[in-house]
Amino acid sequence: MNGMAGRVDIEVLIVGAGLAGLSAAVYLGSAQRQVLVIDSGKSMARWEPEVQNYLGFPEGISGETLLARARKQAGRYHVAVRSDEILSARAKDGRFELRGRRHGYACQRLLIATGIFHIPPDIPGIRPCLGHGLYFCKDCDGYRVQGKDIAVYGWRNETVDYALGMLLYSPCVTIVTDGHRVQWDDRHGDWIREYHIPVYSGKVTGVIRKGRRLEGLAFADGRRLLITALFTTRGDVYLNQLARDLDAETNADGEIVVDQDMRTSVPGVYAAGCVTPANCQMIIAAGQGATAAQAINRDLFLQSLGTHSLRQWRGRQLKMRRTRPAIQRSKLALTR
Ligand SMILES: Cc1cc2nc3c(=O)[nH]c(=O)nc-3n(C[C@H](O)[C@H](O)[C@H](O)COP(=O)(O)OP(=O)(O)OC[C@H]3O[C@@H](n4cnc5c(N)ncnc54)[C@H](O)[C@@H]3O)c2cc1C
C-alpha cells in the first residue's frame with residue numbers, strides 16, 4: 001500500500017465491510033492480493049440479534065459477532081478494514097480514484113459492496129424494534145415467527161404477495177396500510193378476500209413495545225393491534241452512487257447490473273451483495289463476494305501475464321528464498 005500525498009494507492013479496493021465485502025477480502029487476501037476495505041460501519045447484518053439461516057451456525061449467531069469474526073478472518077490474510085465513507089469515484093488513466101470523507105484512494109480494481117437501505121415504516125417509535133419484531137425479509141425471519149400474530153405493512157401488490165407468503169408461517173396475518181390509499185390491483189384484492197386477510201386501513205400513530213420488543217400497533221381511532229412481528233414492504237434504497245459516478249449500468253430499481261462473475265458494465269469495477277439484483281441474504285452476499293474476488297484475482301493474474309509483472313514477483317520470491325530459509329508471506333503487488 002503506497003501513501004502518496006495522503007492518498008492510499010492499492011491493488012484492490014473494496015467499499016463495504018458487510019458480508020459481501022468481507023468475504024471478498026478473505027478470498028483476495030489469501031490470494032496474495034494487496035487489499036484494503038473501506039467501511040462506514042452501517043452493515044445491515046448488525047441489526048440481526050440472532051441469524052438463524054447462515055450455514056454452519058446451528059445455534060444461531062448474532063450479526064455483530066458474524067461481522068467481527070469475518071473481519072478477524074480477513075485480518076488473518078493481512079487485509080485491513082479502514083473506517084471512512086467514500087463520497088465519489090472517477091476513472092483516470094486505467095485506475096479508479098475515490099474521494100473519502102477522511103482520505104483519498106486509488107486502485108486498479110474496485111469492488112462495490114455497499115448494500116442497501118431498507119425504508120422503515122413511517123411509524124413513530126418503531127426504530128428500536130428493528131430486528132426485534134420489525135423485519136424486512138420473510139426468508140430470514142418468517143420461520144422464527146411461525147404461528148405468531150403477524151402484520152404486513154404496505155399498500156401495494158407486493159404487500160399482498162408478502163401477506164400471502166406469510167400464510168405459510170402463520171394463519172394470523174393482517175395487512176396494515178397506515179392510512180394510505182391502497183394500490184393493489186383487482187387480482188390481489190381477490191386474493192385478500194379469498195384468504196380472508198384482514199386489512200387495517202387506519203393511520204398508525206405509535207407502537208406498543210416492551211423495551212425493543214414490538215408487541216403491537218396503536219391506531220388514530222384508538223384501536224390497537226397486538227402483534228409479534230411487523231414485516232414492511234416499503235422498498236429499498238440501493239447504495240449505488242459509486243457505480244453511477246463511474247457510469248456502471250444500474251437497472252430501474254437501482255440495483256447494480258452484474259454478470260455471473262460480478263463484473264459490472266465498467267471493466268475493472270465489480271459489485272457484490274444486496275446492491276446487486278441478488279436476493280438480499282447474508283449467505284448469498286458472502287457467496288457473491290467470493291465470486292467477485294475470484295473474478296478480480298483471475299483478471300489481475302491474466303493482466304500480470306500480459307505485462308510480465310508475474311516475472312518481477314517471481315524474481316522477488318526467488319531472492320527471498322535465497323536470503324531466507326523459506327519463502328515468507330509478503331504483500332508484494334503483482335502488477336507494479
Ligand atoms: C433487521 C435485519 C435483519 C436481517 N436478518 C437477516 C438474517 O437473519 N439472515 C440473512 O441472511 N440476512 C438477514 N438480513 C439481511 C442481511 O443483513 C444482508 O443480506 C447482508 O448484510 C448483506 O450484505 P452486504 O455486504 O451486501 O451489505 P451490508 O452488510 O449492509 O454491508 C454494506 C457495508 O457497506 C458500507 N458502505 C455503504 N456505502 C459506503 C460508502 N459510500 N463508503 C464506505 N462504506 C460504505 C456500509 O456501512 C456497510 O457496512 C437482515 C437485514 C436486516 C436489516
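**Strand pairing, domains and ligand shell of a predicted model**

Strand S6 and strand S7 (residues 104-112) pair in the antiparallel sense over four bridges; helices (H or I, at least four residues) and strands (E, at least two) are DSSP runs, numbered from the N terminus, and two strands pair if DSSP finds at least two bridges between them. The structure is a predicted model, in which local features need pLDDT of at least 70 and side-chain atom pairs count only at pLDDT 80 or more, whereas totals for chains, interfaces and linings use all residues. Residue numbers start from 1 along each chain as its sequence is written.

Phe96 stands opposite Cys107 in S7, and three residues lie between S6 and S7 in the hairpin that they form. S6 (residues 95-100) is also joined to strand S5 (residues 86-92), by six bridges and in an antiparallel arrangement. Here Ser88 is placed opposite Arg99 in S6. The hairpin of S5 and S6 has two residues between the strands, and Asp93 in its turn has a positive phi of about 50°.

The mean pLDDT of the protein, the predictor's confidence in each residue on a scale from 0 to 100, is 93, and 95% of the residues reach 70 or more. Over residues 1-5 the pLDDT is below 50, and this stretch has eight contacts in the model beyond near neighbours in sequence; two residues are in contact if their C-beta atoms, placed from the backbone, lie within 7 Å.

The domain assignment gives domain 1 (2-117 + 236-323) and domain 2 (127-232), with bounds that come from an automatic or database domain assignment. The C-alpha centres of domain 1 and domain 2 lie 36 Å apart. Contacts between the domains involve seven residues of domain 1 and eight residues of domain 2. On the side of domain 1 that touches domain 2, three residues are nonpolar, three polar and one charged; Ala, Val, Leu, Ile, Met, Phe, Trp, Tyr, Cys and Pro count as nonpolar, Asp, Glu, Lys and Arg as charged, and the others, Gly among them, as polar.

An open sheet of five strands has the order S9-S16-S10-S11-S12, with parallel pairing. Its edge strands, S9 (134-135) and S12 (199-200), each pair on one side only. Strand S10 (residues 150-153) and strand S11 (residues 173-176) run parallel and are joined by four bridges, with Val173 in S11 as the bridge partner of Ile150. Helix H4 (residues 157-166) packs on this sheet, touching S10, S11 and strand S16 (229-232), and its direction makes about 160° with that of S10. For such angles, axes are lines fitted to C-alpha atoms, for helices over the stretch in contact, and the values run from 0 to 180 degrees between N-to-C directions.

A further open sheet, of three strands, has the order S13-S14-S15 with antiparallel pairing. Strand S13 (204-210) and strand S15 (224-226) stand at the edges with a single partner strand each, so one side of each is left without a neighbour in the sheet. The twist averages 25° from one strand to the next. Strand S14 (residues 213-219) pairs with S15 over three bridges, and Ala218 stands opposite Arg224 in S15.

The ligand is surrounded by 38 residues, of which the closest are Gly16, Gly18, Gly115, Cys140 and Gly273; a residue is near a molecule or strand if its C-beta atom, placed from the backbone, lies within 6 Å of it. Helix H1 (19-30), strand S3 (35-39) and helix H7 (282-307) are the elements that give two or more residues to this shell. The shell comprises 21 nonpolar, 13 polar and four charged residues. Domain 1 and domain 2 both give residues to the shell, so the ligand lies between them.
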